[in-house]
Amino acid sequence: MHLLGLPNSTYYRYKVKVYKEAKKIWKKVCQESLEHRALLIKKTLDLCISINEEIATDPNQPPKDRIQASQVMVDAQAEMLDILRDGQKLIG
C-alpha cells in the first residue's frame with residue numbers, strides 16, 4: 001500500500017479482485033485436469049471392456065474365465081457410465 005501510494009480501501013478492493021481471479025484460474029486448471037484424468041480412465045476402461053469381451057466370447061476359454069471376464073466387462077461398463085454422468089456434471 002505504501003509503496004504504491006494506495007489508500008487502504010483501494011488496496012483491499014484490488015486484493016479481493018486478485019483473489020477472485022486466482023480462484024477462477026485455479027478452478028479452470030482443476031476442471032481441465034479432472035477432464036483429462038476422466039478421459040484417461042475412459043480409455044483404460046474401453047480397453048478393459050474390449051479385452052474382456054474377447055475372453056468372454058471365446059469358446060476355447062474355460063467357463064470360469066469367461067464368467068469372470070463377463071463380470072469385469074459389466075463392472076467396467078458401469079464405471080464408464082458413472083464417469084460419463086459425472087463428466088456431464090462437470091461440463092454443466
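The legends below describe close-up views of a predicted model. Local features require pLDDT of at least 70 and side-chain atom pairs count only at pLDDT 80 or more, while totals for chains, interfaces and linings use all residues. Residues are numbered from 1 along each chain as its sequence is written, and side-chain values use heavy atoms, with hydrogens and water left out.

**View 1. A salt bridge joins Lys42 and Asp46 in helix α1.** The structure holds 2 salt bridges, a salt bridge being a side-chain nitrogen of Lys or Arg within 4 Å of a carboxyl oxygen of Asp or Glu. Side chains of opposite charge can pair when their charged atoms come close. Between Lys42 and Asp46 the N to O distance is 3.0 Å. Both residues belong to helix α1 (residues 8-57), where they stand 4 residues apart, about one turn of the helix. Helices (H or I, at least four residues) are DSSP runs, numbered from the N terminus. Lys42 is partly exposed, with a relative accessible area of 27%, and Asp46 is partly exposed at 36%. Here buried means under 20% relative accessible area, exposed over 50%, and partly exposed in between (1.4 Å probe, protein chains only).

**View 2. A salt bridge links Asp82 and Arg85 in helix α2.** The side chains meet with an N to O distance of 3.3 Å. Asp82 and Arg85 lie 3 residues apart in helix α2 (residues 63-91), so about one helical turn separates them. Asp82 is partly exposed at 40% relative accessibility, and Arg85 is partly exposed at 44%.

**View 3. Ile25, Trp26 and Val29 form a nonpolar patch on the surface.** Together the three residues have about 330 Å² of accessible area, computed by the Shrake-Rupley method with a 1.4 Å probe, only the protein chains shown counting as cover for residues. Such a patch is made of residues with over 30% relative accessible area and no salt bridge, whose nonpolar side chains (Val, Leu, Ile, Met, Phe, Trp, Tyr) are joined within 5 Å; like charges are joined within 9 Å. Trp26 lies in helix α1 and is exposed, with a relative accessible area of 58%.

**View 4. The rings of Tyr11 and Tyr12 form an edge-to-face pair.** Rings of Phe, Tyr and Trp (its six-membered ring) pair if their centres lie within 6.5 Å; planes under 30 degrees apart count as stacked, over 60 as edge-to-face and the rest as tilted. By this rule there is 1 aromatic pair. The ring centres of Tyr11 and Tyr12 are 4.9 Å apart and their planes stand at 80°, so the pair is edge-to-face. Tyr11 is partly exposed at 29% relative accessibility, as is Tyr12 at 44%.

Terms used:
Helix = DSSP H or I, 4+ residues; strand = E, 2+ residues; numbered from the N terminus.
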